[in-house]
Amino acid sequence: MQEFRGRVAVVTGAASGIGLALSRRFAAEGMRVVLADVEPDSLEGARRTLVESGAEAIGVRTDVSQPDQVAALAQAALDAFGKVHVVCNNAGVFAAGASWQAPLSDYEWVFGVNIWGVLHGIRTFVPILLEQGEPAHIVNTASMAGLTRAPLVSAYYMSKHAVLSLSETLFLELQGGPIGVSVLCPEVINTRIGRSDRNRPPHLKRGEADDLATSELVESTLAQAIDRGLDPAVMAERVVEAIRAGRLYILSEEGGTWREACNARLDDLRLARNPTGMPLGLDN
């Protein structure tokens, strides 16, 4: 996909962070943008900012863990703009804790957004893109966590490994057709994912009996690392470049800590040796 002007982009998790940066970058390319997020006030603020900059944009409150809401998002995009050309399955949340101590609600919540949200986006939008028969692109947000490993973050790392694998599978299934696929694997970015518990559904809240000491320590460490993270606009630029190049993997820069950790994991697998690498995967 080379032409962006006049095309339509749908971005989930669009009210802040990478999603907002993607929305702004697509608008700068002359695209019409459909912003989706679970936070209505932040979503409206993001939409208004784009419109004030001269872009055509709508906002659709969407919980991506719910397939009917993702279907409604697609319909809203078609009703507003007639077609869809770029779909960014970007919404994501984070929870930490020892794998045997973290409450099951952590796994259910993280998987619901990070895995099922991407899958719902694929199952909803790919048939639409195929029927259109025009150049289009799917971007799934994983993480460098999907290429590395660390203790005390099982739910999050599992989810991002799943998104990576799903994206690779989708790429092979659509190869040779008009729909490209990319998987965005950011390093630590200055977003609000470290505070994503603000959007946890009430029925998936942690209970008073849960042992959360480890979880809170790791989540606090993440929040501090995020404050030093890269500007989300860097990720948006990488995404646009990857779409134009038809490139699947959008990774951190070569030579950095995250690429070294990724390469160490690949070497561990190749040599069938026990895992090595950075302990928490929270450094840039």
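**Helix packing and aromatic pairs**

1. Helix α1 covers residues 17–28 and helix α7 residues 232–245; they pack at about 55°, with axes 8 Å apart. The crossing of α1 past α7 is right-handed, that is, the near helix is turned clockwise from the far one by less than a right angle.

2. The contact (heavy atoms within 4.5 Å) involves G17, I18, A21, L22, R25 and F26 of α1, and P232, A233, M235, A236, E237, V239, V240 and I243 of α7. These residues comprise eleven nonpolar, one polar and two charged.

3. The model is predicted: local features need pLDDT of at least 70, and side-chain atom pairs count only at pLDDT 80 or more, whereas totals for chains, interfaces and linings use all residues. Residues are numbered from 1 along each chain as its sequence is written, and side-chain values use heavy atoms, without hydrogens and water.

4. Three aromatic pairs are counted, with ring centres within 6.5 Å as the criterion. Y107 and F111 have ring centres 5.9 Å apart and planes at 80°, so this pair is edge-to-face (planes over 60 degrees apart). Y107 is buried at 14% relative accessible area, and F111 is partly exposed at 22%; buried means under 20%, exposed over 50% and partly exposed in between, with a 1.4 Å probe and protein chains only.

5. F94, Y156 and Y157 form one aromatic cluster. Y156 is buried at 11% relative accessibility, and Y157 is buried at 7%.

Definitions and conventions:
Axes fitted to C-alpha atoms, helices over the stretch in contact; angles between N-to-C directions. Helix = DSSP H or I, 4+ residues; strand = E, 2+ residues; numbered from the N terminus. Nonpolar A, V, L, I, M, F, W, Y, C, P; charged D, E, K, R; others polar. Phe/Tyr/Trp six-rings, centres within 6.5 Å; stacked < 30°, edge-to-face > 60°.
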